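Have the viewer open as you read.

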Amino acid sequence: MVLAQGVCFVDAETAEVQALDAAEALFYQRGVQAVGMDEVRAASGVSLKRLYGLFPSKDDLVEAYLRRRDGRWRQRLEDYADARPSPEERILAVFDWLFLWFSEPDFRGCAFINSFGEFGAASPAVAGIARSHKDEFRRYLVGLVAAANLPARLADHLVLLAEGAMTTAAISESAEPARQAREAAQILLQASRTEG
């Protein structure tokens, strides 16, 4: 950051972070279509010219926001679940982490489901990012199920429980769907163990 005659200039990397932070807060809270680039400019402190220099269109900003959120979301989940000692505890920890996420005061559901709902048919890029995010989440659960030596199809059941909990929690404004999904996951784990 450079100060010249009372004007603050930030480097491109800092400006990008500020813009993405503002976009994420606004898009997640209010929806992508409801927020204009001028609002992102005002919230970020990045000039409109600089903002469009970094993100030539709002679509570019939306895609960057979703890609960054994907990495952060998955890392938070994995750090939490992977800290558990056994594979089965890691599976259940996914639902414990969802409960913590759903309990956050700014929780507004899954950003990828929300964005897909807003743009899925009109934006192949947004649809692709949302699909990739969901595929990576499924891949993570497949790995946890494999590590626990449980039937592979269990991963798809767990994905459906988690995804259903995300949507239900957002609509009901309650974190309880995570606990309910965890109970169902525990039943599925027990049934899968007896199959093996």
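## A buried pair and its cluster

W101 and F107 are both buried, a word used for under 20% relative accessible area, with exposed over 50% and partly exposed in between (1.4 Å probe, protein chains only). Their neighbours come into view through ring pairs, which link W73, W97, W101, F102, F107 and F137 into a cluster.

## How the model is read

This is a predicted model, where local features need pLDDT of at least 70, side-chain atom pairs count only at pLDDT 80 or more, and totals for chains, interfaces and linings use all residues. Residues are numbered from 1 along each chain as its sequence is written, and side-chain values use heavy atoms, leaving out hydrogens and water.

## Aromatic pairs

How many aromatic pairs does a search of the whole structure find? There are eight. Rings of Phe, Tyr and Trp (its six-membered ring) pair if their centres lie within 6.5 Å; planes under 30 degrees apart count as stacked, over 60 as edge-to-face and the rest as tilted.

Take F27 and Y65: their ring centres are 5.4 Å apart and their planes meet at 65°, so this pair is edge-to-face. F27 is buried at 3% relative accessibility, and Y65 is buried at 2% relative accessible area. For W101 and F107, the centres are 4.9 Å apart with planes at 85°, so that pair is edge-to-face.

## Charges over rings

A charge sits over a ring if NZ of Lys or CZ of Arg is within 6 Å of the ring centre and within 35 degrees of the ring normal. R69 lies over the face of Y28, 4.1 Å from the ring centre. The charged end of R179 is placed over the ring of F99, at 3.9 Å from its centre.
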